[in-house]
Amino acid sequence: MMLIHLQFPSFADRLETAVKWVISEGKCQTKDLGGDSSTQEVVDVVLGALDISAIHSFL
């Protein structure tokens with residue numbers, strides 16, 4: 001929401017898509033989502049998802 005507020009809707013969409021993709025994969029989740037990954041581990045995977053082509057097939 002902050003990115004949209006700052007007039008960066010395309011970045012907001014990319015980030016939201018990456019987060020949704022990582023969650024849907026189910027391989028890296030924090031404890032509140034039933035996983036055992038740390039917040040930093042999830043952040044690292046989300047950042048990686050922003051760079052991979054597999055995320056485009058999720059759209």
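Here are some friendly notes on the predicted model shown above.

1. Ground rules. Residues are numbered from 1 along each chain as its sequence is written, and side-chain values use heavy atoms, with hydrogens and water left out. As the model is predicted, local features need pLDDT of at least 70 and side-chain atom pairs count only at pLDDT 80 or more, while totals for chains, interfaces and linings use all residues.

2. Overall layout. The protein chain has four helices and zero strands, giving the order α-α-α-α from the N terminus. Helices (H or I, at least four residues) and strands (E, at least two) are DSSP runs, numbered from the N terminus. Of the 59 residues, 22% are buried; buried means under 20% relative accessible area, exposed over 50%, and partly exposed in between (1.4 Å probe, protein chains only). Among contacts (heavy atoms within 4.5 Å) with a separation of 6 or more, 47% link residues 24 or more positions apart.

3. Helix 2. Its 17 residues should span 24 Å at 1.5 Å a residue, and the end C-alpha atoms are 24 Å apart, so the two agree; the expected span is 1.5 Å times one less than the number of residues. Ala 12, Thr 17, Ala 18, Trp 21 and Val 22 are buried in helix 2. Gly 26 follows the helix with a positive phi, near 75°.

4. Salt bridges. The whole structure holds two of them, counted when a side-chain nitrogen of Lys or Arg is within 4 Å of a carboxyl oxygen of Asp or Glu. Lys 20 pairs with Glu 16, with closest N and O atoms 3.1 Å apart; they are four residues apart in helix 2, which means a separation of about one helical turn. Lys 27 is exposed at 71% relative accessible area, whereas Glu 25 is partly exposed at 38%.

5. Thr 30. This residue sits in the loop between helix 2 and helix 3 (39-49), yet Thr 30 is buried, with a relative accessible area of 16%. Beyond its neighbours within four places in sequence, Thr 30 is in contact with Gly 35, Ser 37, Ser 38, Thr 39 and Val 42.

6. Phe 8. You will find Phe 8 in the loop between helix 1 (2-5) and helix 2 (9-25), partly exposed at 38% relative accessibility. Together with Met 2, Leu 6 and Phe 11, Phe 8 makes a nonpolar surface patch of about 410 Å². Patches are made of residues with over 30% relative accessible area and no salt bridge, with like charges joined within 9 Å and nonpolar side chains (Val, Leu, Ile, Met, Phe, Trp, Tyr) within 5 Å.

Methods:
Accessible areas come from the Shrake-Rupley method with a 1.4 Å probe; for residues, only the protein chains shown count as cover.
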